[in-house]
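Reader: Hi! Could you walk me through this structure?
Author: Happy to, let's take it topic by topic.

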Amino acid sequence: MTSDLSRQVYKFAKELQAALNGTVCQHVRIAAVLRPRSVVGPVFTLGNGLSAANPTQPIAFPLRIDNKKPRAWMNLSYQVRLDDEDDFLTVHSSYCGIFTDEALETCLLHWDYEREKDRYTSAHVQVYGTSPALEALNRNNDQKRSLDKLHIPVGGKRFRPCVEDVIEFLITERLADGREGWEKRVEEGRNRYRRGQLLATMRRNPDVVKEYLESLDAEE
């Protein structure tokens, strides 16, 4: 089982690295390291700068395609394992944060995914900043919270954003420069991700697939 997991993990790591270095980064090295302990079976951590000496804490990397001073940094981490049937790679949790400094002291926003989270939606984004509307709502709320404490839903387990969505956001909102041809790389990676999610949805919902096929037969 571990060998099959390793094969799928390293393929995923290679795809992540190519997506980043082909669009908004250079010299990023996405490594995959088996976690020392896990209650859900073998789990790999994926991220930049991981090694046997540093198996769990990925290193942030600059968003730049040249040697100019970067305007922003990304901190990216994935925890991946095989699904309950030990067949397909699945993300146990993930984190992608955008910062203005290498020390990760000033965050713009971060996307999170935690499988089977019970207190709030498993896939969400948290944005740092101020909101007059939230301040007004807080006046009549005993539990006052800042904007970054709100867990904003982003598509749930199956339809959450992928790293290509983040890359497109960074470039189109002019937070990072993109390499020539970045659109093609983003579209290819996003299509690959969405196809995988669609297949997973079909495996978990065979009744819906059957209903759809029956509707096609009825139209003929």
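**A chat about the model**

Author: Leu199 is partly exposed, with a relative accessible area of 36% (partly exposed lies between buried, under 20%, and exposed, over 50%, with a 1.4 Å probe and protein chains only). This is a predicted model, where local features need pLDDT of at least 70 and side-chain atom pairs 80 or more, while totals for chains, interfaces and linings use all residues. Residues are numbered from 1 along each chain as its sequence is written, and side-chain values use heavy atoms, without hydrogens and water.

Reader: Thanks! And where is Leu199 found?
Author: In helix α5, residues 182-204 (helices are DSSP runs of H or I, at least four residues, numbered from the N terminus).

Reader: Switching topic, how many residues are in the largest nonpolar core?
Author: It has 39 (a core joins buried Ala, Val, Leu, Ile, Met, Phe, Trp, Tyr and Cys through side-chain atoms within 4.5 Å). Helix α1, residues 2-21, gives the largest share, 7 residues. Leu46 is among those with the most contacts inside the core.

Reader: What is Leu46 in contact with, beyond four places in sequence?
Author: Its partners include Val9, Phe12, Leu16, Ile30, Pro58 and Tyr78 (contact means heavy atoms within 4.5 Å).

Reader: Is Cys25 buried or exposed?
Author: Buried, because its relative accessibility is 0%.

Definitions and conventions: Helix = DSSP H or I, 4+ residues; strand = E, 2+ residues; numbered from the N terminus.
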